[in-house]
Amino acid sequence: MNDKKVIWKRKPLIKNRLLRIGLILLISTYLLSVFLTTEIDWQRILEGIPRGKNFIFAFFPPDFITRSDEILAGIFESLWMTIVATIVGILISIPVSLGAAKNIAPKFVYFLSRGVITLSRSFQEVILAIFFVKLMGFGPFAGMVTLSLSTIGFFAKLLSEDIEDINKSQAEAIKSTGSNWFQWVNYGVQPQVMPRFIGLSLYRLDINFRESAVIGIVGGGGIGSTLNTAFDRYEFETAAAVLIVIISIVMIVEYTSSHLRKLIK
Amino acid sequence: MPIIKQKDYKTWKKFDRKRDLQNWLCWFLGTLIFSFCFGLISSKTIWFYVFDSHNEALDLLGRMFPPETNYFLTLIKPIWDTLNIATIGTTIGTLIAIPLAFLSANNTTPSKKFIRPLALFCIVSSRSINSVIWALLLVAVVGPGVLAGIIAIGLRSIGFCGKLLYEAIEEIDENQIEAIEATGANKAQIMTFGIVPQILPAFTSISIYRWDINIREATVVGLVGAGGIGIELDAQIGDLAWAKVSVILLAIVVAVVFSEWITAKIRKAII
Amino acid sequence: MLKTINLKKVYPNGEEALKGINLEIPNGQVVALIGPSGAGKSTFIRTINRLVEPTSGKVYFANEKNDITSLNKSKLRKIRRQIGMIFQEFALVERLSVMENVLSGRLGYVGFWNSFFRKFPQKDIEEAFRLLQRIGLEHMLDKRADELSGGQRQRVGIARALIQNPMLLLVDEPTASLDPKNSRQIMRLICELCKERDLAAIINIHDVYLAQNFAERIIGLKAGKIVYDGKPSGLSETILTKIYGEEDWSKTVAN
């Protein structure tokens, strides 16, 4: 009786033993069923390996020269689209995010704004682009509308969360001076969310540029169109050049925006 | 300075003259750039189509309704595939992101000069290339199908999770590590007792967040042949079967709302 | 000047914060409101300018006809201009400068676009200069509010309330986040300014000692009811026990 040793074991992550075993079982059945239901054509993959090798080698050396004017035109078009879409999207997002903040908006406006956000977030940019290209014709305008719309979902959601987190007493103090609603937003709310606002704008600019590279594939203009054309013509060297240009621009944008964000704090 | 002394009284302005001028200049330049960019876009736009788009939209909506509800049964398998692409892709992505994040965090990298820039480059390139482009490349290599989608989502997730994770690692509390170090622990022990407990919450929330995003991404990789519901969408749009397209769109909204609901639940349970 | 009749507040969760407060405050009187946490002190002063909507009861301000509880929104804003408020954790807008914070007290008097471009009337700006000088922070005018120390912030909060040119000050725990020295200085400043301007004030305060020293009248609140109303000198051990509960009060009453 007394020779029972004191044993210490690490506390398990999930306390309930049944739940723990259940979770493990659940995960393994899930993995098994994925494995069973997914048709993977191993033959095709084996064939694909040498083909893939050739394919990858086809990318080298990247060819910036042959289609340089097309690449440049595509890049600039993407940039225009990105800038306009980000500005338009943010301008529309401001009222939406005020409406989607529980502490500011009346119930009716709140649900309306949340609905707008959910709708714009549900569809990936590419799907939206397909439809806008269908409605408005090929070209950068459809791309711009797509990017603006998806900016709203992203921006308004995150900004409204920040508005909901503001320091209440600062806002209350402004209200107690007898300010009207707009003054209250301008003095009590805006200064508090400004750092987040600027950070999100820069972040979204960066995202919009990256997205502009894909919506071109479905006809939304910009560098994506150039990339798509290069693939269609089997000019993989040019495609490689386009990819490298995209990566380097994203790196530059990201670097500058992180520096700007630090400056603004 | 913003206090301006006039002859007999002093007044106050938010900015002095120079800042005022700079501000106006910035706004002016901003407007100019905006109009310039918009001008370029509009020069490439056929405005007739744009102004006519509401008619087109009404026409399209007319064709989409009523949705062909029994088509939903055919969609079950693609939806299942989409969920799998997102889930397995996220898992693979985060698993690869972990070592990469440790290699690129300032305070854990073995070599700042050589390995860190290399790891950072991997992260950035994975981030800058959209999953659809990854899918486009992979379909050419491994052939069309779910596998290409999984790998594409995985590759894209590496950069995203890697970046957020290494930022989390750089923000850990050095005191706790010092305390572990002081007990005479070796590197691996420091890792398991000092670093891992600190970044575990960040890690889980990052992977859940990415999973949520990946559900959306997984709906489109199919457009270029990489499996999931996107393949159906592409096919039905190609066939102009709009009554089926609307069913697909509804299914996507449901899946996205569902995933958002689940992530919110899990996040609450963890925090 | 201020009269509340049977003022009640029940929060949506069923908590009865105020159980019928009847109170009358004449012009220029500085009243300290004491009581344990959760007695309803904060709720009470917030129901006066309706930052918290009272459930029932009346609040007469300035004259017997002017019932704040029945005003519409724009009339309520006009009344709020005449009631200055000072807050527990200063509640300065941290990312605005000291001057902007002080001038925000005039928001009820200027239009939106003027306030948006920070164009306040010269008269207001001069008043702001005067107040900042009075509280000794003229040199800090362009500092951002989050660069100031606690005592300095509360001074700016006082200036913001006074620039409204109010008839009544509502003061919510002005010293709760300050050290003892600053607490006394701030209380002294508030009381001096009230005297200078013949201003009535209701000051919520935890610290019985400070209340006794600075206020003309003390009101003890417990569980949403007034349990004491009288001179500071009348606070005895039994009364403090009634307000706060059993404790050795002999040291507090001693002075």
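**Exercise 1.** Classify Glu164(A) by its relative accessibility, and find its salt-bridge partner.

Solution. Glu164(A) has 29% relative accessibility, so it counts as partly exposed. The classes are buried (under 20% relative accessible area), exposed (over 50%) and partly exposed (in between), with a 1.4 Å probe and protein chains only. Next, the partner is Arg114(A), with the closest N and O atoms 4.0 Å apart. A salt bridge here is a side-chain nitrogen of Lys or Arg within 4 Å of a carboxyl oxygen of Asp or Glu. Last, the pair links distant parts of the chain, 50 residues apart: Arg114(A) lies in helix α4 (residues 107-122) of chain A and Glu164(A) in helix α6 (residues 140-164) of chain A. Helices are DSSP runs of H or I with at least four residues, numbered from the N terminus.

The model is predicted: local features need pLDDT of at least 70, side-chain atom pairs count only at pLDDT 80 or more, and totals for chains, interfaces and linings use all residues. Residues are numbered from 1 along each chain as its sequence is written, chains are lettered from A and ligands numbered from 1 in the order in which they are written, and side-chain values use heavy atoms, leaving out hydrogens and water.

**Exercise 2.** Describe the salt bridge between Lys77(B) and Asp81(B).

Solution. The N to O distance is 3.1 Å. Both residues lie in helix α4 (residues 72-104) of chain B, four residues apart, about one turn of the helix. Lys77(B) is partly exposed at 33%, whereas Asp81(B) is buried at 9%.

**Exercise 3.** How many salt bridges are there over all chains?

Solution. The count is 28.

Note on methods. Helix = DSSP H or I, 4+ residues; strand = E, 2+ residues; numbered from the N terminus.
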